[in-house]
Amino acid sequence: MRKAITVIMRACLLGAFGCLFGCFSLLAGDVVVATTFSQVQCEYLGQDWKEIYLKTLDLGFDMVRLGAYWSRIEAKEGVYDFSELDWQIEKAAEKGVRVLLTVGMKAPRWPEYFIPVWLTEKIDIRYGSDSSEAALLQASLFKFIEQVVLRYRDKDIIVAWQVENEPLSRSGPKDLWIGRKFLEREMALVRGLDTKDRPLVVNAMTYSNGFLRFLARLAHKKSPIMETIDVAQVPAINVYPVVGHKIFSKKVCFWSEPREQVKYLKTFLDRARKLHKDLWVTELQAEPWEPGELVHLAEVKAVTCQPQSFLLTYRELREMGFGKIFF
């Protein structure tokens, strides 16, 4: 029964996404409409990730964001297996879907940090610390980034690099972040290795809900979003209008009031424009974020993301002037 349910869910989600994308194609204008694909998330959902990826490419997106997952590519120290990523990039090229490739220790999806086990066994990263402080991690990561960029820098289908994923924002099981100085070194490394002078994207998590925004201010000395806009060649934000969390035994959903969200996000758009930078949306919530759930597989209808609210937020972002929006 569970397998049948997930198959139905997959068909419904792809069907609904296809119908919605038909609306977006009419509304898009000069907006680049894109999405993120993760084989990690497909595995959490119990799905054949190759099948889902091919169907995703067939939906007609302008771009797809892919992750170079360090823990999967270098599962053994010094041994690099690019077969999964090679296949994804090859298929994107066949379909003419441009690629934004994420490099670094962080990539889209839980657990946020994809540091290989062989390395985590050698280093001790404290809870709530700057994950980039360990010297051994720095050296190993730079070798990995170099391998990725050298392998794909001649692929014209890759139009931009994303350096880390929400690097300045605290996240993951240990509530870690990546320091700005180290992030700048990573960016310099990618820029020096790339022969085509592609744009470098750096993103940050936003908190449209007022209470979550208050908690974020307590957790960060400086605003990760404003710092990201300052440091990035192409800054980007991630937008989640409804976030679910399980606090002890209580399941809580944090909702964002549309007017408040627009006002909040406009501050970042104004900041980027003042610096003559284009602000992207690298994640617009297009799936549930249910309290205490890694992925939503239950038969009950999710409360944290519905097609109607998703379409409303997309329209709001488009009207505000965001030119690239990744679902």
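A salt bridge is counted where a side-chain nitrogen of Lys or Arg lies within 4 Å of a carboxyl oxygen of Asp or Glu. The structure shown in these views is a predicted model.

View 1. Glu-94 is exposed, with a relative accessible area of 52%. By the same rule, the count for the model comes to 17 salt bridges.

**View 2. Arg-65 and Glu-283 form a salt bridge between two strands.** The closest N and O atoms of this pair are 2.8 Å apart. Arg-65 belongs to strand S2 (residues 63-67) and Glu-283 to strand S9 (residues 280-284); the pair links distant parts of the chain, 218 residues apart. Both Arg-65 and Glu-283 are buried.

**View 3. Glu-260 and Arg-213 meet in a salt bridge.** The N to O distance is 2.9 Å. Because Glu-260 lies in helix H11 (residues 258-274) and Arg-213 in helix H9 (residues 210-219), the pair ties together parts that are 47 residues apart in sequence. Glu-260 is partly exposed, at 29% relative accessibility, whereas Arg-213 is buried, with a relative accessible area of 18%. Elsewhere in the model, Glu-43, Arg-72 and Glu-84 are linked in a network of salt bridges.

**View 4. Helix H7 packs its buried residues against helices and strands.** Helix H7 comprises 18 residues (residues 135-152), which should span 26 Å at 1.5 Å a residue; its end C-alpha atoms are 26 Å apart, in agreement with that value. Its buried residues include Leu-137, Leu-141, Phe-142, Phe-144, Ile-145, Val-148, Val-149 and Tyr-152, and also Gln-138 and Ser-140. The partners of these buried residues are helix H4 (70-73), H5, strand S3 (98-103), helix H6 (117-120), strand S4 (158-163) and helix H8 (180-193).

**View 5. The second largest pocket has a volume of about 270 Å³.** Its lining includes Leu-168, Arg-170, Trp-177, Ile-178, Gly-179 and Arg-180. Also among the lining residues are Ala-219, His-220, Lys-221, Lys-222, Pro-224 and Glu-227. By class, the lining divides into five nonpolar, two polar and five charged residues.

**View 6. The largest cavity has a volume of about 30 Å³.** The count comes to one cavity of 30 Å³ or more. Arg-191, Asp-194, Asp-197, Arg-198, Leu-200 and Gln-233 line the largest cavity. Four of these lining residues are charged, one is polar and one is nonpolar.

**View 7. The loop between S3 and H6 holds Arg-109 and Pro-111.** Most residues other than glycine have a negative phi, and most peptide bonds are trans. The peptide bond from Trp-110 to Pro-111 is cis, with omega near 10°. Arg-109 has a positive phi of about 95° although it is not a glycine. At 23% relative accessibility, Arg-109 is partly exposed.

**View 8. Phe-248 has a positive phi in the loop between strands S7 and S8.** The phi of Phe-248 is near 55°. The loop runs between strand S7 (242-247) and strand S8 (250-255). Phe-248 is exposed, with a relative accessible area of 82%.

Definitions and conventions:
Residues numbered from 1 in each chain as written. Predicted model: local features only at pLDDT ≥ 70, side-chain atom pairs only at ≥ 80, totals over all residues. Heavy atoms only, no water. 1 Å grid on protein atoms, 1.4 Å probe; cavity = no way out; pocket = protein on both sides within 12 Å on 5 of 7 lines; lining within 4 Å. Points joined across faces, edges and corners; volume = space filled by probe spheres on them. Nonpolar A, V, L, I, M, F, W, Y, C, P; charged D, E, K, R; others polar. Helix = DSSP H or I, 4+ residues; strand = E, 2+ residues; numbered from the N terminus. Buried < 20%, exposed > 50% of the residue type's maximum accessible area, 1.4 Å probe, protein only. Expected span 1.5 Å × (residues − 1). Contact = heavy atoms within 4.5 Å.
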